[in-house]
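Welcome! Try each task yourself before reading its solution.

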Amino acid sequence: MNIYSKLLAVVTVATFSSLLFLPSVYGSDDDGHKWGLGWFKQSKLDVAPVNNPVYREECGSCHFAFQPGLLPEKSWRKMMAGLEDHFGDNAELDAEKQKSLLDYLVTNSADKSDYKRSTRIASSLKPGEVPLRISDTVYFKRKHDEIPMRFVTDNKDVGSYSKCEACHTRAETGSYNEDEVKIPGVGRWED
Ligand code: HEC
Ligand code: HEC
């Protein structure tokens with residue numbers, strides 16, 4: 001190798017490594033979040049899909065089985081401690097199921113998950129804030145504040161923001177991408 005090709009090799013390596021390093025220094029996405037090297041590790045999916053059959057059965061009988069990664073640990077603990085009055089319904093479980101489902105929720109909660117939406121939901125909350133509804137989190141509100149009420153509460157096919165699966169066609173799989181939204185009676189969502 002002569003001196004020029006050595007020099008070229010050094011420059012090439014330096015350029016590529018700075019390119020790799022750039023995002024961790026300057027990166028930021030549409031939500032104004034910085035993305036460091038952790039960004040590369042983030043999963044493509046928005047939240048981890050439900051993979052616990054008991055959870056799906058017990059917590060998916062009255063409504064969509066919300067993924068554990070949609071609320072932080074503190075919220076799940078508070079909710080699971082008051083199932084006898086769960087938004088006006090009795091959703092009590094026997095002690096054994098109550099414990100195993102609490103474990104499942106906590107292990108996969110928003111603050112323990114590295115899935116994209118989970119980390120954002122968790123980091124949007126102030127310390128001490130313990131929302132019992134996903135739809136009460138700052139991140140959720142910010143994402144849904146442009147949707148007129150006639151598409152939601154006054155829409156007979158939706159009725160409430162709790163019905164994620166009414167609008168998010170792939171909610172079941174843990175995917176909440178805005179390109180997959182189809183509001184009943186309204187159609188595709190164009191931002
Ligand atoms: C007996 C019926 C019933 C069962 C069983 C039930 N829920 Fe609910 N849940 C409700 C009702 C009713 C609401 C309020 C829905 C609304 O306001 O539209 C609700 C709301 C919720 C919400 C808030 C959704 C939002 O708006 O962000 C979460 C989270 C939730 N339930 C989790 C659970 C979990 C976890 C379990 C299992 C331990 C469970 N639910 C079992 C009836 C039930
Ligand atoms: C009435 C229909 C409707 C319901 C119900 C609804 N969403 Fe959405 N959601 C939307 C629309 C529309 C957008 C895109 C908003 C925008 O970007 O302007 C969105 C965006 C999102 C995003 C951000 C997606 C992105 O690509 O930026 C997430 C995450 C999300 N919703 C989660 C949920 C969850 C979880 C629930 C249930 C607790 C829910 N949504 C209930 C309509 C709905």
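**Exercise 1.** Does Ser 124 count as buried or exposed?

*Solution.* Keep in mind that this is a predicted model. Start by finding the residue: Ser 124 sits in the loop between helix H6 (116–123) and helix H7 (138–144). Next, take its relative accessibility, which is 14%. Buried means under 20%, so Ser 124 counts as buried. Finally, look at its neighbours: leaving out residues up to four places away in sequence, Ser 124 touches Val 138 and Tyr 139.

**Exercise 2.** Find the residue that forms a salt bridge with Glu 58, and say where the two partners lie.

*Solution.* Begin with a general idea: side chains of opposite charge can pair when their charged atoms come close. Here, the partner of Glu 58 is Lys 97, with the closest N and O atoms 2.8 Å apart. Now place them: Glu 58 belongs to helix H3 (residues 53–58) and Lys 97 to helix H5, so this pair links distant parts of the chain, 39 residues apart. Last, check the surface: Glu 58 is partly exposed at 26%, and Lys 97 is partly exposed at 29%.

Technical notes: Residues are numbered from 1 along each chain as its sequence is written. Chains are lettered from A and ligands numbered from 1 in the order in which they are written. This is a predicted model: local features need pLDDT of at least 70, side-chain atom pairs count only at pLDDT 80 or more; totals for chains, interfaces and linings use all residues. Side-chain values use heavy atoms; hydrogens and water are left out. Helices (H or I, at least four residues) and strands (E, at least two) are DSSP runs, numbered from the N terminus. Buried means under 20% relative accessible area, exposed over 50%, partly exposed in between (1.4 Å probe, protein chains only). Contact means heavy atoms within 4.5 Å. A salt bridge is a side-chain nitrogen of Lys or Arg within 4 Å of a carboxyl oxygen of Asp or Glu.
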